[in-house]
Amino acid sequence: MAYDGSMTAHEQGTRDLGCAAGLAPKRLRADAARNRAAIVAAARAVFAEQGLDAPLEEIALRAGVGIATLYRRFPAREQLVAAALIEKVTQYADAAADALAACDPWVGFVGYVHQVCELQAGDRGLSDLLSMALAADEHIEQLRATANAQVVELVERAKAAGRLRDDFVGEDLLLMLIASAAIGQVMHADCPDAWRRFVALVLDALERRDAAALPSSAQMYEAMRRLAGERGCGKSREGISPVAGA
């Protein structure tokens, strides 16, 4: 039997003995499940630290498996991203649903912004996923699409209630998420709650009704699309906006 680089010589010998005894299928299933769990846990940590561009070799190293084993479990990066971030994306979707259920549109909007910024404060991977057009698996895309549609409604409700400035657009929320995430990453060691001060300042500005009109968002929208394509996290898919809530 060929040697699997993800195993030690002892493990390989044990597996070969198991094959001879007719016990290989059960052992292989257990090994596969253990390897998959280790890879997902390592990916969750590495993506949180380094973002979705993180080397897969680093993930394999932390998981204690060979890179070939990682690719057997997850042939495409998008599959690994989905497995590692599904819990966080579910929380993101839940935050949008909870905000939309709030009786006061402004309270719902503020609560949503705080919750999402907190979710991504210590997780570069989630920040990348929310702000860039990474094509993930269908479950992730369904959650994200549903949440984004709810955020659009949330924004329009806050505007209709006279609490959110009329010229606010989805790209503004994306800028806020990117900036908040950057602040959280840079200041995490010395001031882990710095992002909260930033968010408070921005929300105060968004509620102002007497402020001068904002510059056009058309160029910013195109810049966001270009940035998504240049990040290397995945190409934009037709019909999927890189803008959270747009």
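**Exercise 1.** Work out whether Gln 120 is buried or exposed, and what surrounds this residue.

*Solution.* Start with accessibility: Gln 120 has a relative accessible area of 0%, so this residue is buried (under 20% relative accessible area, with a 1.4 Å probe and protein chains only). Now look at the side chain: one of its polar atoms lies 2.6 Å from the backbone oxygen of Leu 177. Finally, list the contacts (heavy atoms within 4.5 Å): beyond neighbours within four places in sequence, Gln 120 touches Leu 126, Ser 127, Leu 130, Leu 177, Ser 180 and Ala 181.

A word on the model: it is predicted, with local features needing pLDDT of at least 70 and side-chain atom pairs pLDDT 80 or more, while totals for chains, interfaces and linings use all residues. Residues are numbered from 1 along each chain as its sequence is written, and side-chain values use heavy atoms, without hydrogens and water.

**Exercise 2.** Describe how α5 and α7 pack.

*Solution.* First, take the axes (lines fitted to C-alpha atoms over the stretch in contact, with angles from 0 to 180 degrees between N-to-C directions): helix α5 (residues 77-101) and helix α7 (residues 124-131) cross at roughly 75°, and their axes come within 10 Å. The two helices are therefore roughly perpendicular (65 to 115 degrees). Then find the residues: α5 contributes Val 81, Leu 85, Lys 88, Val 89 and Tyr 92, and α7 contributes Gly 125, Leu 126, Leu 129 and Leu 130.

Note on methods:
Buried < 20%, exposed > 50% of the residue type's maximum accessible area, 1.4 Å probe, protein only. Polar contact = N/O pair within 3.5 Å; in protein donor to acceptor, adjacent residues only side chain to side chain. Helix = DSSP H or I, 4+ residues; strand = E, 2+ residues; numbered from the N terminus. Parallel < 35°, antiparallel > 145°, perpendicular 65-115°, else oblique.
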